[in-house]
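Open the model in your viewer and keep the selection tool at hand. The tour moves from one selection to the next and says what is found at each stop.

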Amino acid sequence: MLDELRPAHRARRPGEALARDLRRLEALWQEGLTRFGSPWLAGEHFTAVDAFYAPVAVRIRGYGLTLGPTAMAYAERLLAHPAVADWIEQGIREPWRDEPHEADCIRGRRVLDDLRQQVA
């Protein structure tokens, strides 16, 4: 299922505000990875700080954003972690929908792929 999580929207060149936020995100991730010299932000093991950034990694992939090699590798590691992959799959399989919110999210947009339709 995680392999099906692919860019739903191809980002154009980020505006200055987004570019600034992405640079800050890269700096934060780089600091944690460098300080602890490990694959996770706070040491050898996946912790709450890594879980905190899982939704960010989902959006980076979902919007087709690019970061530097170290940050992209960390985002991919996050998405590959079993707990994160399970969280994503559960979210896709969740049957409850907030219809007014979903209608607002897609108003004026084109849905490229609805992963819910692929879940048996």
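Start by selecting G37, the residue that follows α1; its phi is positive, near 55°. Keep in mind that this is a predicted model.

Is F36 buried, exposed or partly exposed? With a relative accessible area of 44%, F36 is partly exposed, because this value lies between the 20% limit for buried and the 50% limit for exposed. Now show what surrounds F36. Beyond its neighbours within four places in sequence, F36 is in contact with L41, A42 and G43.

Next, select the whole of α1, residues 16–36. This helix has 21 residues. From the first C-alpha to the last, α1 reaches 30 Å, close to the 30 Å expected at 1.5 Å a residue.

Within α1, colour A19, L22, L25, W29, G32 and L33, which are buried. Turn the view to look down the axis of α1: the buried residues fall within an arc of 155°, so they line one face of the helix. Then colour R24, T34 and R35, which are exposed on the other side of α1. To see what lies over the buried residues of α1, show α2 and α3, which are among the elements that cover them.

The next stop is the largest nonpolar core, which has 22 residues. Which of its residues touch the most other members? They are W29, Y53, L67 and Y74. The helices that give two or more residues to this core are α1 (16–36), α2 (48–62), α3 (69–80) and α4 (82–93). In soluble globular proteins, nonpolar side chains tend to be buried together.

Leaving out residues up to four places away in sequence, Y53 touches L25, L28, W29, L41, Y74 and L78. One of these, L41, is also in contact with F36, and two others, L25 and W29, are buried residues of α1.

Finally, zoom out to the protein chain. It has 5 helices and 0 strands, and its elements run α-α-α-α-α from the N terminus on. Of the 120 residues, 28% are buried. Show the surface: the chain exposes about 8300 Å², and carbon and sulfur atoms supply 55% of that area. Among contacts between residues at least 6 apart in sequence, 67% join residues at least 24 apart.

Key
Residues are numbered from 1 along each chain as its sequence is written. This is a predicted model: local features need pLDDT of at least 70, side-chain atom pairs count only at pLDDT 80 or more; totals for chains, interfaces and linings use all residues. Side-chain values use heavy atoms; hydrogens and water are left out. A nonpolar core is a set of buried Ala, Val, Leu, Ile, Met, Phe, Trp, Tyr and Cys residues joined through side-chain atoms within 4.5 Å. Buried means under 20% relative accessible area, exposed over 50%, partly exposed in between (1.4 Å probe, protein chains only). Helices (H or I, at least four residues) and strands (E, at least two) are DSSP runs, numbered from the N terminus. Contact means heavy atoms within 4.5 Å. The expected span of a helix is 1.5 Å times one less than its number of residues. The arc is that of the directions from the helix axis to the C-beta atoms. Accessible areas come from the Shrake-Rupley method with a 1.4 Å probe; for residues, only the protein chains shown count as cover.
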